[in-house]
Amino acid sequence: ARPGEAKMTEPYTITLDIRNSASNGSDGFTNTTTSDGQTYCYRWAGGTDGKGDVEELRSAGVAQINVSLIADSRYHIVTGAFSAGDTQFTFTKTGDRTATITDAGTAAEQDYFNVQVSDTSRPNCTFWCDPRVGNRD
């Protein structure tokens, strides 16, 4: 980084795949219940563990995590949230199927970020998907 600029790591990429059915228990997908009571499943990939989680050293500086839906085009990102309500992470929706999570990297912290997704083929059908993001000393 130049003097006065925050140090930044290379961006991480994570992908989210979704199915409108339950997991079979051995396919790597996690079940979730939609707002209208249906069982869908999702699977994260990428990140630092290959399963959508991202963890890095706090001293590495600011980190950008690019989120992409790789499921059917009827699925759209609605919003994102963090379980602990911390100040290290921010979520920015950048398109119907993309978002960016920024990790300030100024303190050791671990959190789950939750991405809310809608199934545009069904009225008012949304659901949450949640991998982990963290900084460590």
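Residues are numbered from 1 along each chain as its sequence is written. Because the model is predicted, local features need pLDDT of at least 70 and side-chain atom pairs count only at pLDDT 80 or more, while totals for chains, interfaces and linings use all residues; side-chain values use heavy atoms, with hydrogens and water left out.

## Overall picture

Let us start with the fold elements. The protein chain has 0 helices and 11 strands, where helices (H or I, at least four residues) and strands (E, at least two) are DSSP runs numbered from the N terminus. Read from the N terminus on, the order is β-β-β-β-β-β-β-β-β-β-β.

Of the 137 residues in the protein chain, 40% count as buried. Here buried means under 20% relative accessible area, exposed means over 50%, and partly exposed lies in between, with a 1.4 Å probe and protein chains only. The protein chain exposes about 7000 Å², and carbon and sulfur atoms supply 45% of that area. Accessible areas come from the Shrake-Rupley method with a 1.4 Å probe, and for residues only the protein chains shown count as cover.

Contact means heavy atoms within 4.5 Å. Among contacts in the protein chain between residues at least 6 apart in sequence, 61% join residues at least 24 apart.

## The core

Which residues have the most contacts inside the largest nonpolar core? They are L16, I18, W44, Y75 and V117, in a core of 26 residues. A nonpolar core is a set of buried Ala, Val, Leu, Ile, Met, Phe, Trp, Tyr and Cys residues joined through side-chain atoms within 4.5 Å. Strands that each supply at least two residues of this core include β1 (12–19), β3 (39–46), β6 (75–82) and β9 (109–119).

Leaving aside neighbours within four places in sequence, I18 is in contact with F29, Y40, C41, Y42, L69, A71, Y75, V117 and F127.

## Rings and cysteines

The structure holds 4 aromatic pairs. Rings of Phe, Tyr and Trp (its six-membered ring) pair if their centres lie within 6.5 Å; planes under 30 degrees apart count as stacked, over 60 as edge-to-face and the rest as tilted. F82 and F89 form a stacked pair, because their ring centres are 5.7 Å apart and their planes are at 20 degrees. F82 is buried at 16% relative accessibility, and F89 is buried at 3%. Elsewhere, ring pairs link Y40, Y75 and F127 into a cluster.

For C41, the nearest cysteine sulfur is that of C129, 9.7 Å away. C41 is buried, with a relative accessible area of 0%, and C125 is buried as well, at 2%.

## Pairs apart in sequence

The table lists some C-alpha separations.

| Pair | Apart along the chain | C-alpha separation |
|---|---|---|
| Y12 and T100 | 88 residues | 9.8 Å |
| N24 and C41 | 17 residues | 9.5 Å |
| D103 and T90 | 13 residues | 6.8 Å |
| S68 and T98 | 30 residues | 4.6 Å |

Y12 lies in strand β1 and is buried, with a relative accessible area of 18%. Not counting residues up to four places away in sequence, Y12 touches T48, V54, E55, E56, A63, Q64, I65 and N66.

D103 belongs to strand β8 and is buried at 1% relative accessible area. S68, in strand β5, is partly exposed at 24%. Leaving aside neighbours within four places in sequence, S68 is in contact with I14, T15, L16, R97 and T98.

## Two loop asparagines

N24 is found in the loop between β1 and β2 (30–33) and is exposed, with a relative accessible area of 56%. N124 sits in the loop between β9 and β10 and is exposed at 71%.

Most residues other than glycine have a negative phi. N124 has a positive phi of about 55 degrees although it is not a glycine.

Conventions: Disulfide = S-S within 2.5 Å.
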